[in-house]
Amino acid sequence: MPGGHDQRRRSGRAARIPPPPVDAGQVAPEVGRLIAELDPLRSRLLLATVGDELAEWLLVRRDMHALIARWGEVNHLQTPPRFRGRGIGTAQTRRVHEPARDEMGLEQLHLAARAGMRLEGFYRRLGWREVGRRPGALRVAPEDDRDDILMVLTL
């Protein structure tokens, strides 16, 4: 069944980074794997640094299947706690438009945000709109299930 195969393939590409707090030893192998999978038509990794430290990163991916190749997904928007509140995530989220639209030819970006983190307000202020939720889809801890908030941005 094509849909099932596609879902398994996508699942295999997802980063296996545990939820924060994490250390470099947990993140480095996954970042290396993500970098090895980069492809000019399928993905872009955007990095932000402060001095010589990695302050923020995000990944834009697209599936080249003809039905969905016009949109991409933003994954793994990560900002270490010591860099939060400096506008780095805002700048990266705004910056992603250019490579997504101009280099990858995308018309839309999609993302999923964890409820309970005030992320939907952050993204809404940057032009994203909520298009749905997967209720209780994310198990953060025992007896702490959160909605997965689905958002879209037209480029």
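**Buried cores and salt bridges**

Asp148 counts as buried, at 9% relative accessibility, where buried means under 20% relative accessible area, exposed over 50% and partly exposed in between (1.4 Å probe, protein chains only). The structure is a predicted model, in which local features need pLDDT of at least 70 and side-chain atom pairs count only at pLDDT 80 or more, whereas totals for chains, interfaces and linings use all residues. Residues are numbered from 1 along each chain as its sequence is written, and side-chain values use heavy atoms, with hydrogens and water left out.

The partner of Asp148 is Arg134, with which it forms a salt bridge whose closest N and O atoms are 2.8 Å apart; a salt bridge is taken as a side-chain nitrogen of Lys or Arg within 4 Å of a carboxyl oxygen of Asp or Glu. This pair links distant parts of the chain, since Arg134 lies in strand 5 (residues 129–141) and Asp148 in strand 6, 14 residues apart, helices (H or I, at least four residues) and strands (E, at least two) being DSSP runs numbered from the N terminus. Arg134, at 41% relative accessibility, counts as partly exposed.

By this rule the count comes to 11 salt bridges. Among them, Arg70 pairs with Glu107, with the closest N and O atoms 3.3 Å apart; Arg70 is in the loop between strand 2 and strand 3 (71–78), and Glu107, 37 residues apart from it, is in the loop between helix 4 (97–103) and strand 4. Arg70 is partly exposed at 41% relative accessibility, and Glu107 is partly exposed with a relative accessible area of 41%. A further salt bridge joins Glu130 to Arg124, the closest N and O atoms being 3.5 Å apart.

Turning to the nonpolar residues, a nonpolar core is defined as a set of buried Ala, Val, Leu, Ile, Met, Phe, Trp, Tyr and Cys residues joined through side-chain atoms within 4.5 Å. The largest such core has 19 residues, of which Val60, Val74, Leu109, Leu111, Tyr123 and Trp128 touch the most other members. Two or more residues are given to this core by each of strand 2 (53–61), strand 4 (108–114), helix 5 (119–125) and strand 6 (144–154). When residues up to four places away in sequence are not counted, Val74 touches Leu58, Leu59, Val60, Leu109, His110, Leu111 and Trp128, contact meaning heavy atoms within 4.5 Å. A second, separate core of 5 residues includes Val27, Val31, Leu34 and Leu59.
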